[in-house]
Protein chains: 2
Amino acid sequence: MGHTGGSEIEQLVQLLARLPGLGPRSARRAVLHLIKRKDSLMIPLAGAMQRAVDAVVECQICGNVDTVSPCAICADPRRSQNTLLLVVEDVSDLWAMERAAVGPVRYHVLGGVLSPLDGGGPEDLSIDALIQRATDFSEIVLAVNATIEGQTTAHFITDRLAGLDVKITRLAHGVPVGGELDYLDEGTLSQALKARTSL
Amino acid sequence: MGHTGGSEIEQLVQLLARLPGLGPRSARRAVLHLIKRKDSLMIPLAGAMQRAVDAVVECQICGNVDTVSPCAICADPRRSQNTLLLVVEDVSDLWAMERAAVGPVRYHVLGGVLSPLDGGGPEDLSIDALIQRATDFSEIVLAVNATIEGQTTAHFITDRLAGLDVKITRLAHGVPVGGELDYLDEGTLSQALKARTSL
């Protein structure tokens, strides 16, 4: 007993369950959803996934993922090198910044953070490549997460860049736009007060 | 601005976001997860999805999904017709029963429930097919959800089967195994007390 309807279906369930945010139960729901919408969703999705497999490459300059290398951002003439270089942990952070339409900046994807406990050392991050690019820009913004590991990584990178003639900054801490003070931690509130601006 | 790295990636994000349980944000995370695990996950998943597209069919007897019709359950010689027929709303309910290893039963997938407000009428469900199969079995168990719509559907089916020489039952209500009384609604507790069994 214990049929889940054929090895093809079971295999699809098991692979989908390995995506972040999906477990075995939601993967089964997703597969049934796909089977019911074979023409409108399952066939297009299978095709899109195969096309992405064939097309996606990592940008050899910044570490972004795109269908060309250099990626569309690195190749964009409106984003000259003599501008801000945003150092991010991951491609998802690059995408988040692009959604925020932060302007004609460029990026450097580290590929993670320093995490001594998990065995993630500097050699796993693209720090050497960052040092080689750094002096092409007027300013390096360390746009890493405001976590302990992110801040540790920022300090490490600041030390490594110390000898170079380039300005290094980090993102501001403060109250999120739309955020309520009541829900914020003390650290954020304290930083927001220290960094207050005049009206 | 607003690059998310090539139209192939963007298209994959948009299609994945249409799966239940995934929104735009988790679809983007899933796509990055896939791109980072191209060989170990993305290529196998693209292949598994294409194979499922080609292989999956609906069982012409019970409405289950499988790679053959009649499905493996309907074709299983250990599940003779002269046994229980479990009437379920959806294939996911069939799978749930099979995971519970309820024994050598067979199934009839209705394909939904009666929901007059959403325009779901009896003609959308496989009730005529159920009536044709019903007398092949010793007992019909209406294993529909304990929702108002499920119970309405059960009543409707009971009326339709009334003339036939077949026993009709429903799943027991009661305390879920491992459940705490304190968290259960009054209806469940009241039904569990009425249906109490001797030790």
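Q: In this predicted model, which residues of helix α5(B) are buried?
A: Residues count as buried when their relative accessible area is under 20%, and this model is a predicted one. By that cut-off, the buried residues of α5(B) are B:Val91, B:Asp93, B:Leu94, B:Trp95, B:Met97 and B:Glu98.

Q: What covers the buried residues of α5(B)?
A: Part of the cover comes from chain A, with α1 (7-16) and α2 (24-36) included in it. Chain B also contributes to the cover of these buried residues, and the elements included from chain B are β2 (65-66), α4 (72-75), β3 and β4.

Q: In what order do the four strands of the open sheet in chain B stand?
A: The strands of this open sheet are paired in parallel. At its edges stand β4 (106-109) and β6 (167-170) of chain B, each of which has a single partner strand, so one side of each is left without a neighbour in the sheet. From one strand to the next, the twist averages 25°. Read across the sheet, the order is β4-β3-β5-β6.

Q: What angle does the direction of helix α5 of chain B make with that of β4(B)?
A: Helix α5 of chain B, which spans residues 91-99, packs on the sheet and touches both β3 and β4 of chain B. Taken against the direction of β4(B), the direction of the helix makes an angle of about 160°.

Q: Which residue of β4(B) stands opposite B:Val88?
A: Strand β3(B) is joined to β4(B) by four bridges, and the two strands run parallel. Strand β3 (residues 84-88) of chain B is also joined by four bridges to β5 (residues 139-142) of chain B, again in parallel, and there B:Leu86 stands opposite B:Val141. On the β4(B) side, the residue opposite B:Val88 is B:Val109.

Q: How many of the five residues of β3(B) are buried?
A: Strand β3(B) is largely enclosed by the rest of the structure, because most of its residues are buried. Of its five residues, the number buried is four.

Q: Which residues of chain A is B:Leu12 in contact with, leaving aside its neighbours within four places in sequence?
A: The largest nonpolar core has 78 residues, and B:Leu12 is listed among those with the most contacts inside it, together with A:Leu12, A:Leu16, A:Met49, B:Leu16 and B:Met49. Within chain B, the contacts of B:Leu12 are with B:Val31 and B:Met42. In chain A, its contacts are A:Leu45, A:Ala48, A:Met49 and A:Ala52.

Q: Which residue of chain B has the C-alpha nearest the axis?
A: Chain B can be laid on chain A with an RMSD of 0.1 Å by a turn of 180° and a shift of 0.0 Å along the axis, and the two copies are thus related as by a two-fold rotation axis. The copies meet through the same surface, because 100% of the interface residues of chain B are also interface residues in chain A. In chain B, the C-alpha nearest the axis lies 2.8 Å from it and belongs to B:Ala46.

Q: How far apart do the C-alpha centres of domain 1 and domain 2 of chain A lie?
A: The domain assignment of chain A gives domain 1 as 7-55 and domain 2 as 73-198. The distance between the C-alpha centres of these domains is 34 Å.

Note on methods: Residues are numbered from 1 along each chain as its sequence is written. Chains are lettered from A and ligands numbered from 1 in the order in which they are written. This is a predicted model: local features need pLDDT of at least 70, side-chain atom pairs count only at pLDDT 80 or more; totals for chains, interfaces and linings use all residues. Side-chain values use heavy atoms; hydrogens and water are left out. Two strands pair if DSSP finds at least two bridges between them. Axes are lines fitted to C-alpha atoms, for helices over the stretch in contact, and angles run from 0 to 180 degrees between N-to-C directions. Contact means heavy atoms within 4.5 Å. A nonpolar core is a set of buried Ala, Val, Leu, Ile, Met, Phe, Trp, Tyr and Cys residues joined through side-chain atoms within 4.5 Å. Buried means under 20% relative accessible area, exposed over 50%, partly exposed in between (1.4 Å probe, protein chains only). Domain bounds come from an automatic or database domain assignment. Copies are superposed by least squares on the C-alpha atoms of residues with pLDDT of at least 70 in both.
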